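Q: I'm new to this one and would like a close look at a single part. Could you walk me through the aromatic rings and what sits around them?

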Amino acid sequence: MNIKKSDKHLSLVVDMYGCPNRCKHCWLGHMPNRRMEEGADEWIFHCFEPYFENITFYSWLREPDFCEDYRERWSRDLRLSRGIMPRRFELGSFWRIVRDGQYVNFLKEVGVQKVQLTFFGLEDLTDKYVGRKGAFKELLQTTEILIENGITPRWQAFINEENKDDVAQLLSVIEDMKLYERCAGLDAPFSFFVHAGSCDGENRKLYDIRITKQHIPQELIPYYLNYENAKAEREWCKLLGTDESSVAYRNEEEIVLNISNQYDVYYNFSHMTPNWKIGNLKEDQRDELIRRIVEEDTQALNLARNITVRELVEKYGDPHSDRTFAQEDYKEYLLNCYVDGR
């Protein structure tokens, strides 16, 4: 089969080293940790090079820089990429920053101005939800190290019925640490926001304790992401109950692929479960795998195109539930009930 080179930009996001955490909110889902074989990065890149003009390579899918040779690793990502170079966004490893005194200098060298840190309340619940004892203290220590080195911490908190009161207490921690004042002179101001997250991956398992809007603590409302657009599930059931459209995921100018350490390939539309898998680089015929990627001819997307939002609501919506969702998150939850099976 002769496949024409795609003019879309391709980003390859590869789980080369794993992750120190087992977060209960992880939208990707939990995967085994293993270090991929030496040379796996170049092999993966060359799998796609004949089919795409522009490729950006990222060697992490979960915790960034979760490898000892992170400087060389970043240089390799840059060398492998063609066209658009990889970016750092607001990403850094809080696991590494408290263990490696040189790491914060590396972040500054590659232009990181903010690092996002994720909380689930105070110490006990944050440690529980990150899946690692000591995580909360490390997050506070990381905050201090960042500020001391001119990088702004950006705190986000995932909220549910179990941790809502704990999350509210983070406001006192922020005040005690004087984070707004201490970051005022940095390139970016300190920010704090709260949300329930999407309802796929590990967070989908927390559906039963998903926050209800009336239970969001009053003091957190100014920090709740898109609070005005968040609605109860029963409200979405009414609003979407006549929607004859489908939940459509499309790649426009860019295709982003998540690649597991087992060489399974997924779009970054949703979690990495078997029914969302496009194929496997080691097992599938290469031209056919690329055709599926470019033409968006996969099991999950074909299922999504052939069912309406109205039908999803009828099958999987709970008209009596007060659990809170943003509209797109609720549609995604319904679709995954269908694609993966409830």
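Which ring does the charged end of Arg210 sit over, and at what distance from its centre?

A: A word on the ground rules first. This is a predicted model, where local features need pLDDT of at least 70, side-chain atom pairs count only at pLDDT 80 or more, and totals for chains, interfaces and linings use all residues. Residues are numbered from 1 along each chain as its sequence is written, and side-chain values use heavy atoms, with hydrogens and water left out.

Now to your ring: the charged end of Arg210 sits over Phe325, 4.1 Å from the ring centre. A charge counts as over a ring if NZ of Lys or CZ of Arg is within 6 Å of the ring centre and within 35 degrees of the ring normal. Another case is Lys282, which lies over the face of Trp43, 4.1 Å from the ring centre.

Arg210 also turns up next to Ser198. Setting aside residues up to four places away in sequence, Ser198 touches Trp27, Asn203, Arg210, Asp329 and Glu332 (contact means heavy atoms within 4.5 Å). Ser198 belongs to the loop between S5 and strand S6 (231-232); helices (H or I, at least four residues) and strands (E, at least two) are DSSP runs, numbered from the N terminus. With 18% relative accessibility, Ser198 counts as buried, since buried means under 20% relative accessible area, exposed over 50%, and partly exposed in between (1.4 Å probe, protein chains only). Its side chain joins that of Asp200 in a polar contact of 2.6 Å, meaning a pair of N or O atoms within 3.5 Å; within protein, one must be able to donate a hydrogen and the other to accept it, and residues adjacent in sequence count only if both atoms are side-chain atoms.

Then there are rings that meet other rings. Rings of Phe, Tyr and Trp (its six-membered ring) pair if their centres lie within 6.5 Å; planes under 30 degrees apart are stacked, over 60 edge-to-face, and the rest tilted. That rule gives 23 aromatic pairs. Take Tyr58 and Trp60: their centres are 5.7 Å apart and their planes at 80°, so they're edge-to-face. Tyr58 and Trp60 are both buried.

Tyr180 and Phe190 are edge-to-face too, at 4.9 Å centre to centre and 85° between the planes. Tyr180 is in helix H8 (residues 179-182) and Phe190 in the loop between H8 and strand S5 (191-195), so this pair ties together parts 10 residues apart in sequence. Tyr180 is partly exposed, at 37% relative accessible area, while Phe190 is buried, at 5%.
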